[in-house]
Amino acid sequence: MAKGLLVTYVLWAIGGPVGLHHLYLGRDSHALLWMLTLGGGGLGWLWEFWNLPNFVAQANRTQGQKQSSREGIPPLSPIRFVAQMIVGIYFGLVALISFSSMANFYIVGLPLAVGLGVLLVAAVGNQTSDFKNTLGAAFLTSPVFYGRPIAILPISLAASITAQKHRRYKPSVESETLSVRLYRLGLAYLAFMGPLAYSTLCNTAATFSYVAETLGSFLSWFSFFPLLGHLMESVLLLPYRIWWLLVGDPGINSHYFQEQEKFYEFVHSFPDEKHQLAYQVLGLSDGATNEEIHRSYQELVKIWHPDHNQHQREEAQRHFLEIQAAYEVLSQPRRPRESQR
């Protein structure tokens, strides 16, 4: 049955952010991506308004094809590559919030989540990529920054490059019933949202704290790019700024935005708290020089090295890791706080 352009536009208008029009056109990967990202944060949903005729034509052309899959390699798309990077990072952040307490998370859970996010974007439309090679690149990259949230960035980059290198057209397959497709999409959606919802509902305080810490770590990635970092920080207060422009002083309805500003400040408090804790671990006062930090680190490493404390190996291992983490925090450049109001 041919797909109608008018129906597609109606579905786009009433259910676009959750991928209803993509489900109608048989673009299940695109529908799942929109379900998990709410239409690419709304921007992707609005942007594709002009592409709906192409989507409808492609769906009707695919329905009429009875031959095997297309030959050749799809053209390289910078937009798809950037989307793979962003969704890979997004999946990695969600995994950090939901599964970071699991054993071997940074070796198994994190690269798997990032790789699946990259593969989901790679499968949008009539394209796909090699599953094994993309996940393999993610798993091989994960030990480089083991134990640190910044690992998400190189993992997503490596997986995205590999997915682009092995891009190909999807093979033609027999059409499935709507119930089977909905069942598969439902399972994928629950697999993504279930752990996050459980963590939020059953351990709200810890989840809120970890979300703020994860966002703080994410913002620290941009310490060498002040303009980009300032842009990312501004996004956190974007709803507040829009409301202020529309209605002026929020007045008695400003409770939500006050809470959002508190959350924003909460996110920014983590770098300072981490530095203070790091100074305490190394036995230094705030503002110690790099030489003092390095000297204290070397002395404490010699004292608490597990090989030198066989009689209390577990305690020594714990102190040793704390010292390593504190030195890593103090070795990074400290970004000045800026007013956002």
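This is a predicted model: local features need pLDDT of at least 70, side-chain atom pairs count only at pLDDT 80 or more; totals for chains, interfaces and linings use all residues.

User: Which residue forms a salt bridge with R181, and how far apart are the closest N and O atoms?

Analyst: A salt bridge requires a side-chain nitrogen of Lys or Arg within 4 Å of a carboxyl oxygen of Asp or Glu. Here the partner of R181 is D28, with 2.7 Å between the closest N and O atoms. Because D28 belongs to helix α3 (residues 28–41) and R181 to helix α10 (residues 178–202), the pair ties together parts that are 153 residues apart in sequence.

User: Are D28 and R181 buried or exposed?

Analyst: Both D28 and R181 are buried.

User: How do I read burial along a helix, and which residues of α1 are buried?

Analyst: Buried means under 20% relative accessible area, and exposed means over 50%. In α1, which spans residues 5–15, the buried residues are T8, L11, W12 and G15. Viewed down the axis of α1, these residues fall within an arc of 105 degrees, so they line one face of the helix. L6 and I14, on the other side of α1, are exposed.

User: What is the relative accessibility of S160, and which residues does S160 touch?

Analyst: S160 is part of helix α9 (residues 152–165). Its relative accessibility is 0%, so S160 counts as buried. Leaving aside residues up to four places away in sequence, S160 touches F81, Q84, M85 and V118.

Conventions. Residues are numbered from 1 along each chain as its sequence is written. Side-chain values use heavy atoms; hydrogens and water are left out. Buried means under 20% relative accessible area, exposed over 50%, partly exposed in between (1.4 Å probe, protein chains only). Helices (H or I, at least four residues) and strands (E, at least two) are DSSP runs, numbered from the N terminus. The arc is that of the directions from the helix axis to the C-beta atoms. Contact means heavy atoms within 4.5 Å.
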